[in-house]
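Please keep the sequence and the 3D view open while going through them.

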Amino acid sequence: MASKIVLHIGLQKSGTTFLQHMLQDNHETLAASDVLYPIPRDWQRGRRTVANHEWASYGLLGTEYPWVSELRAAKEEPSWRALLEQVRACPGTVLLSAEALSVIRSDAASRLFTTLGADDVEVVITARSLGRSLPSLWQQHIRNGLSGSFDSYLKRLARQRDARIETDPDAHIWRAFVLSGLVRRWSAAGASKVSVVTSPGRPPQLLLDRFTQAAGLPGLTHTPVADRQAHTGLTAPETLVLASLNAAFRERSWPKGKADRARQAITESFQARDQRGGKVTVPPAWRSRVAEWSKEDLDALQKTEAHIVGDLADLHYDPAADETDPATPEETARAGAAAALTLLHAEPRESTLHRNTRRLRRRLKP
């Protein structure tokens, strides 16, 4: 049984994917220091772009995650059992990273601790300011196929913030992003220590240094890899174009797989552009509200027993910093043209299943 387990539970949009890349790249260095970072089999088989433990956790917690079906949970049960075997076979420290764990409720956190069975479980939270997180969250919704405006997204979040955050399944975003509640929930579940690492944005090495300090890991060096662009953000005009395309895909009943491939190709074409327009920021009408949320959360965080690694000022939201010009019609038109050219030149890629089915049908023809 592991002598200690370190759980990195996110938050989403706080540099988790970057950290997971660094951990997978350095898992042999960590092993030399008696720290196991388990590499999932589905990553080794090329099913995933980054090695983390979110999918495996579906096999234990299932529909506790609002986006996980019973069928998906059952599919991931073998992954969870395999991970648990590795944890129980390790005599040293085990490091697990799954940002989705930040949204689970108290009962599920307690169940996870009980199943892991370790006496010493530390929790590490990486956090980013609301003023940077909310635009990224909305943008990710667009990249996932939704088309609602930033304003409508924030209205929904405001309603959820007024709900029972700890129990309402639909309030899962705030279960993660109200840091004081997150710290208290995991402390009550049995964590021996909860650390909050503030994300400075840049340089990435500083976030890595803070994370390794909080997790008690040996020093790791940031190793940039040119082709890792999966989480590179889109600009304001690009996001508007993609949102409109998502609505058009639905109106024309595009199959999900076809629409997903189109979004991926368009996103990659956007990221290759030189002049891309300004960043996505909190809409002017919402800036004072988001600033109030941020202050309320940070004041409450300082009343917890969380161990802060970094500078709390990194989590402060300053509305004045969002005083940028909105996307111009010209910038949006250029992004639209780039998307149109991508769709025009995209070669249709059929799935392996479809290709094999078509070949089989040919063979069976009399």
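1. Strand E1 (residues 4-8) and strand E4 (residues 121-127) run parallel and are joined by four bridges, and within this pairing Ile5 stands opposite Val121 of E4. Two strands are said to pair if DSSP finds at least two bridges between them, while helices (H or I, at least four residues) and strands (E, at least two) are DSSP runs numbered from the N terminus. This is a predicted model, in which local features need pLDDT of at least 70 and side-chain atom pairs count only at pLDDT 80 or more, whereas totals for chains, interfaces and linings use all residues. Residues are numbered from 1 along each chain as its sequence is written, and side-chain values use heavy atoms, with hydrogens and water left out.

2. E1 is also joined to strand E3 (residues 93-97), again in parallel, by five bridges; in E3, Leu95 is the bridge partner of Val6 and Ser97 that of His8. The sheet as a whole is open and has six strands in the order E2-E3-E1-E4-E5-E6, with parallel pairing. Its edge strands, each pairing on one side only, are strand E2 (35-36) and strand E6 (307-309).

3. Are the residues of E1 buried or exposed? Five of its five residues are buried, where buried means under 20% relative accessible area, exposed means over 50%, and partly exposed lies in between (1.4 Å probe, protein chains only). Lys4, Val6 and His8 point one way from the strand, and Ile5 and Leu7 point the other way.

4. The largest nonpolar core has 82 residues, and those touching the most other members are Ile5, Leu7, Leu101, Ile125 and Trp186. Helix H12 (residues 236-251) gives the largest share of this core, six residues. Such a core is a set of buried Ala, Val, Leu, Ile, Met, Phe, Trp, Tyr and Cys residues joined through side-chain atoms within 4.5 Å. In soluble globular proteins, nonpolar side chains tend to be buried together.

5. Trp186 deserves a look of its own. Leaving aside its neighbours within four places in sequence, Trp186 is in contact (heavy atoms within 4.5 Å) with residues including Leu7, Leu101, Phe113 and Val123.

6. The count of salt bridges comes to 16, each being a side-chain nitrogen of Lys or Arg within 4 Å of a carboxyl oxygen of Asp or Glu. In one of them, Arg72 and Glu76 meet at 3.1 Å, N to O; both lie in helix H5 (residues 70-89), four residues apart, which is about one turn of the helix. Arg72 is partly exposed, with a relative accessible area of 26%, whereas Glu76 is buried, at 2%.

7. Which parts of the chain does the salt bridge between Glu238 and Arg276 tie together? The closest N and O atoms of this pair are 2.8 Å apart. Glu238 lies in helix H12 and Arg276 in the loop between helix H13 (256-271) and helix H14 (287-301), so the pair ties together parts that are 38 residues apart in sequence. Glu238 and Arg276 are both buried.

8. Finally, Arg185 forms a salt bridge with Glu166, with 2.9 Å between the closest N and O atoms. Arg185 counts as buried, at 4% relative accessibility, and Glu166 as partly exposed, at 32%.
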